[in-house]
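Please read them with the sequence and the model side by side.

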Amino acid sequence: MKNQLTKRLATLGIASICAVGALTGCATTKASVPTPPQVSTNSEAITAPQQTSPMGMRPMMTIDGNRYVFLNNGEAFKLEESQLGKEISKQNDGTLFELTNYAPAFRMAFESNGEFYICENVGKADDTPIDIKEYLQAANLQQHIMFTDIFDHMGGSILNMLEKEDSVKLLDALTHAKVATLETSDYEAIAKAQTEGLSYRVEFSLDDHTTFTSYIIPSMNYITIGDYTCVLEDLDDQIGSYFEGLEASESITYN
């Protein structure tokens, strides 16, 4: 497994993988998920992300009632001209562009002062439910997945690695998930599962050197997609084999 990991890191050109990350991207937020939804109070004004944001606050914007989070906590990306599509709109602080790999309903690029940022749709600004199948179809991740790593919940140890074929199967299964309605007791049970090592951070590595992240609790049929906690009925039958026998003692731990 260590040789396989080394090969993958060399392929991506990444020195290390983030130990604690976000719902989306490599390190969008330090908040654990699932958590109770919080309604966004952002205005429609689009500005470049601030690197001095308070701890735990994700750089984000709202467009047409959708909440977009800037990947990697607002890190600037070196985007090639071929990755940029047509201009969407001018803003006071920059310009929104389409990305050639994705529909704007999933990801867009934002240019400000010569720097490019990638923003990802994580749900409705008022946290009303979305159609998960439509959301993932807009993302079109099957075309861009290279492989998938399954971490412990905090993202410090890789417990399993999936090649592209299995990664696509896993993603296809997620299209059948539905946004869950959770009570306080459900959140308490989720928190307990996280502390007991029953929650896993799943990172789909994409061919543009970004990741799409989900958290999965197989024992409870829960997954996160964007900012939503979802239920996938018969999760164990569909994708349970990818999480069987995962033990932290057998993991690769990053220093």
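1. A residue is called buried when its relative accessible area is under 20%, exposed when that area is over 50%, and partly exposed in between. These words are used throughout the points below, and it should be kept in mind that the model is a predicted one.

2. As to the overall make-up, the protein chain holds five helices and 14 strands, and of its 255 residues 52% are buried. The accessible surface of the protein chain amounts to about 12400 Å², with 48% of that area belonging to carbon and sulfur atoms. Where contacts link residues at least 6 apart in sequence, 62% of them join residues at least 24 apart.

3. Turning to charge pairs, the count of salt bridges comes to seven. The side chains of E120 and R107 form one of them, with an N to O distance of 2.7 Å. Because E120 belongs to strand 6 (residues 115-124) and R107 to strand 5 (residues 107-112), this pair ties together parts that are 13 residues apart in sequence. E120 has a relative accessibility of 0%, and since buried means under 20%, E120 counts as buried. R107 is likewise buried, its relative accessible area being 0%.

4. K169 is partly exposed at a relative accessible area of 45%, whereas E165, at 58%, is exposed.

5. E196 and K192 also meet through their side chains in a salt bridge, for which the N to O distance is 2.5 Å. Both ends of this pair are partly exposed, E196 with 45% relative accessibility and K192 with a relative accessible area of 48%.

6. Which residues form a negative surface patch? The patch is made up of E233, D234, D236, D237 and E244, and of these D236 is found in helix 5 (residues 235-239).

7. The surroundings of A76 deserve a careful look in the model. A76 is placed in the loop between strand 2 (66-70) and strand 3 (84-91), and with 30% relative accessibility A76 counts as partly exposed. Leaving aside residues up to four places away in sequence, A76 touches E115, F116 and Y117. The C-alpha atoms of A76 and F110 are separated by 9.6 Å, although the two residues are 34 residues apart along the chain.

8. Two backbone angles may also be checked by the reader. D64, a residue other than glycine, has a positive phi near 50°; D64 sits in the loop between strand 1 (60-63) and strand 2 and, at 69% relative accessibility, counts as exposed. H209, which is not a glycine either, has a positive phi of about 70°. The place of H209 is the loop between strand 10 (200-206) and strand 11 (211-217), and its relative accessibility of 48% makes H209 partly exposed.

How values were computed. Residues are numbered from 1 along each chain as its sequence is written. This is a predicted model: local features need pLDDT of at least 70, side-chain atom pairs count only at pLDDT 80 or more; totals for chains, interfaces and linings use all residues. Side-chain values use heavy atoms; hydrogens and water are left out. Patches are made of residues with over 30% relative accessible area and no salt bridge: like charges are joined within 9 Å, nonpolar side chains (Val, Leu, Ile, Met, Phe, Trp, Tyr) within 5 Å. Accessible areas come from the Shrake-Rupley method with a 1.4 Å probe; for residues, only the protein chains shown count as cover. A salt bridge is a side-chain nitrogen of Lys or Arg within 4 Å of a carboxyl oxygen of Asp or Glu. Lys and Arg count as positive and Asp and Glu as negative; His and the chain ends are not counted. The place of a charge is taken as NZ of Lys, CZ of Arg, CG of Asp or CD of Glu. Helices (H or I, at least four residues) and strands (E, at least two) are DSSP runs, numbered from the N terminus. Buried means under 20% relative accessible area, exposed over 50%, partly exposed in between (1.4 Å probe, protein chains only). Contact means heavy atoms within 4.5 Å.
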